[in-house]
Amino acid sequence: MKLRAGIDPKLTSRWARQTQLVRAGTMRSDFGEMSEALYMTSGFTYESAEEAEARFDGRAEGFTYSRQSNPNLSMLESRMALLEGAEVGRATATGMAAMTAALLAGLKAGDHVLGARALFGSCRWLMDVLLPRFGIETTVVDGTNMEAWKKAVKPNTKAFFMETPANPTLEIVDIKAVADLAHENGCKLIVDNVFATPILQRPMEFGADIVCYSTTKHIDGQGRALGGMVLCDKAWDEEFLFPYYRHTGCAMSPFNAWVTLKGLETLSLRVHSMCDNAEKVATSIADRLGDVRHPSLDSFKQQNLALAQMDRGGTMVVFELPGGREQAFGFLNSLEIADISNNLGDSRTIATHPWSTTHKALAEETRLELGITPGLIRLSVGLEDANDLIADVMQALDKAGV
Ligand SMILES: *Cc1c(COP(=O)(O)O)cnc(C)c1O
C-alpha cells in the first residue's frame, strides 16, 4: 500500500486559516480513510534494495524510520508550518524537547545566548544551568527594556531567546524590536510562543527566526498528549535542526502526533471561546480586586504593545491576593470547578500557584525579581460557562477572606 501524496501545498496555502486547521497536510492511504490514520510503526519497508538506497540518499521520497519522520508527524508538521508561516516544522516529544533543540542545535561552546529573564521555569534552567555546563555563555535581561538588550550583546552572541506573554506574569516583550536588534548583530531570534498560541500571535510576522511550542498546552488542549514543535526556515533546518533532531532522538510519538492533529481542527474555536471567558472572568475579578492582569483590560500596563502583536488578550488571567501564600492556598482549596494543577491551555479551567509549583525551582530572589510573589494566582481559563467560572472564583475569594 502506497501513501497517497498530501493535498497540494499550493492549494492549501491559499486557504483561510480555519480551513487549513481542519485539512492542511492531510495524507490518505489507499483505504481512503476520512480521519487521518494512525501510523504506529517504528520503521518502514522498501520494495527493493535499490529503493532503500534511494530513500537513504534522499533521491526517492518516503519514510525510513520514525525517529526521523512518520506520516503522523509529517501531517502535523506541515499543518503547523502553514499556520505559522514557516517553511519547516519538527514535532518533538515535549515542549521542553523543542526548546532544548532550538537552543542546542545551532550553538557550540564559546557562543553566547541572550535571553529575556521572564521565561518558563525549565527554559530558565536551560539558560542558567545546562548551556553554561557545555561552555555556552548566557545572559538574561529585563525583556521589556530595549537598552538592557542592547547593552548585553557581545561579539560572540549567536541567539536571542524570549517568551511573550511571559509565564506567569504576562509581561510583554516587543518581538519586532528584539528581532531587529538580533538581526543587526547577525543573531537568530527564538520565540517561545506557548502562551499566545499561533491563533493569536505569529512571531515570524514580526521577524522571529525560530518559533517553539509546547503542543501539550492549547494545541492538544484537552490534557491528553505531551508534545512540542520547532518551526523555522529550510536552511536552518537542513544545517542545524534536522541533524540534531534525527541523531538525538527527540521525535514526538506517532500516537501523540495523531491526537495533536485532532486538536488542531478545533484550536481556533477553543482559543477564541477561552478568550471570551478569560475577558469576562478578568473583568469580574478586576471589579472586585482592582489589580488583575489581562491584556483586554485598559488597566493592563502594556496593553498597546500586547494588542499590536496579538489578535486578542489570550486565555490566561493573573492576579495577586494581598494575604500572600496562605490566602492563595485558601483560595485554591475553595475552588469548586477550577482544578488545582500546573498545566495550562486546557479545556478545563486550571488554577496554579506558581510560587510553590511551576517556578519553585528558581531561587527566591529570582522569583521576586520576575514578579512571582507568594500571593500570585495564575488562572488558565477553559471552556466552561463563563458565569459558572465567575461564580466559582467569587465564592472562593469569599471563603479565602479576600
Ligand atoms: C509548558 C511550557 C513549556 C514546556 O512544555 P512541556 O510540553 O511541558 O515540555 C515551555 N514553555 C512554556 C511557556 C510553557 O508553558
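In which sense do β1 and strand β7 pair, and over how many bridges? In this predicted model, β1 and β7 (residues 228–232) run antiparallel to each other, with 5 bridges between them.

Strand β1 itself spans residues 88–92 and is mostly covered, with 5 of its 5 residues buried. Is one face of β1 open, or are both covered? Both are: Val-88, Arg-90 and Thr-92 are buried on one side, and Gly-89 and Ala-91 are buried on the other.

Let's turn to the ligand. Around the ligand sit 13 residues, and those that come nearest are Met-96, Asp-192, Ser-214, Thr-216 and Lys-217. By class, this shell splits into 5 nonpolar, 5 polar and 3 charged residues.

| Residue | Protein atom | Ligand atom | Distance |
|---|---|---|---|
| Gly-95 | backbone N or O | oxygen | 2.8 Å |
| Asp-192 | side-chain N or O | nitrogen | 2.7 Å |
| Thr-216 | side-chain N or O | oxygen | 2.7 Å |

How much of the ligand's exposed area does the protein bury? Taken alone, the ligand exposes 380 Å², and the protein buries 92% of that. Two or more shell residues come from each of the elements α5 (95–104) and α10 (216–220). The largest share belongs to α5, which gives 3 residues to the shell.

Key. Residues are numbered from 1 along each chain as its sequence is written. This is a predicted model: local features need pLDDT of at least 70, side-chain atom pairs count only at pLDDT 80 or more; totals for chains, interfaces and linings use all residues. Side-chain values use heavy atoms; hydrogens and water are left out. A residue is near a molecule or strand if one of its heavy atoms lies within 4 Å of it. A polar contact is a pair of N or O atoms within 3.5 Å; within protein, one must be able to donate a hydrogen and the other to accept it, and residues adjacent in sequence count only if both atoms are side-chain atoms. Accessible areas come from the Shrake-Rupley method with a 1.4 Å probe; for residues, only the protein chains shown count as cover. Helices (H or I, at least four residues) and strands (E, at least two) are DSSP runs, numbered from the N terminus. Ala, Val, Leu, Ile, Met, Phe, Trp, Tyr, Cys and Pro count as nonpolar, Asp, Glu, Lys and Arg as charged, and the others, Gly among them, as polar. Buried means under 20% relative accessible area, exposed over 50%, partly exposed in between (1.4 Å probe, protein chains only). Two strands pair if DSSP finds at least two bridges between them.
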